Every structure is written in structure tokens, then in C-alpha cells.
Amino acid sequence: MSFSQITVEDLAQCLDNPNIQFVDVREPWEVEMASLKPFQNLPLSQFSEWAEQIYSQLDPETETLVLCHHGVRSAQMCHWLTQQGFTNVKNISGGIDAYSIAVDRSIPRY
């Protein structure tokens, strides 16, 4: 694995950092139900629509944290980003569901 994992507790400490890119790969309906402000939504199901513009959406040298519901889709995205030359990619272990349980219970679970 060429990317690392961070915990939802680590994520909570990073949310106000303007030097980090935040990517949420869940479906738009999932983001509507439960989301965190700094995250940009790039749904994996719409990969073909945004993949070619990834370098205009994200900087490959900037720390990039990737979120999904439980951590599976975000791991897929992390793997793809590293294949595209991104050098500092981190998967958020447990996803937004774990964040809701461990950090902020006001975030709805689904």
C-alpha cells in the first residue's frame, strides 16, 4: 500500500488546516445526509466525469485526505491517486461513520 491511514480523531485535528486537500468519494445523496465542511465531493461512481481533470481539481504535492462511509471506497481512491503521482495521500480509517461515533455525534449515521 503506497498510502497511509489516519484515524477519525486525527482527522478532527486537521479539519481547519488550509494546507490540506479534503476529498469525499461518496455519492451526492450520502453527502447530503452527512458531511464535513472542508470536503470536496468527487463520487467514485462519477469517476469518468472528473478523472481527466484531477490535476486541475487537486495538487499532487499537497497532503490529501480521502473520506467515504467506512473506508473502502476512499482506499480505492487513495490507491488511484498514488498511481497518478500524488505523493501524500491518506485514507480516513472507518470513514464518516466512525467520525460520527467517535468524534461528532451530531453527524447523522446511515
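**Close-up views of a predicted model**

View 1. An unreviewed UniProt entry annotates residues 16–108 as "domain: Rhodanese".

**View 2. Zooming in on strand β5, residues 89–92.** This strand is covered on both of its faces. V89 and N91 are on one side, K90 and I92 are on the other, and all of them are buried.

**View 3. Meet the partners of β5: strands β1 and β4.** Strand β1, which takes in residues 4–6, runs parallel to β5, and three bridges link the pair. Look for Q5 here, standing opposite N91 of β5. Strand β4, residues 64–67, also pairs with β5 in the parallel sense, over three bridges. In that pairing, L65 stands opposite K90 of β5.

**View 4. Now follow the chain from β4 to β5 by way of helix α5.** Helix α5 covers residues 72–83. Together, β4, α5 and β5 form a β-α-β unit, and its hand is right.

**View 5. Last stop: D97 in helix α6.** Helix α6 spans residues 95–102, and D97 is part of it. Is D97 buried or exposed? D97 counts as buried because its relative accessibility is 8%, and the cut-off for buried is under 20%. Which residues does D97 touch, once its neighbours within four places in sequence are set aside? They are H69, H70 and R109.

Technical notes: Residues numbered from 1 in each chain as written. Predicted model: local features only at pLDDT ≥ 70, side-chain atom pairs only at ≥ 80, totals over all residues. Heavy atoms only, no water. UniProt positions renumbered as here; feature names shortened; annotations may be inferred. Helix = DSSP H or I, 4+ residues; strand = E, 2+ residues; numbered from the N terminus. Buried < 20%, exposed > 50% of the residue type's maximum accessible area, 1.4 Å probe, protein only. Contact = heavy atoms within 4.5 Å. Pairing = 2+ DSSP bridges. Right-handed = clockwise from strand over helix to strand, strands pointing away.
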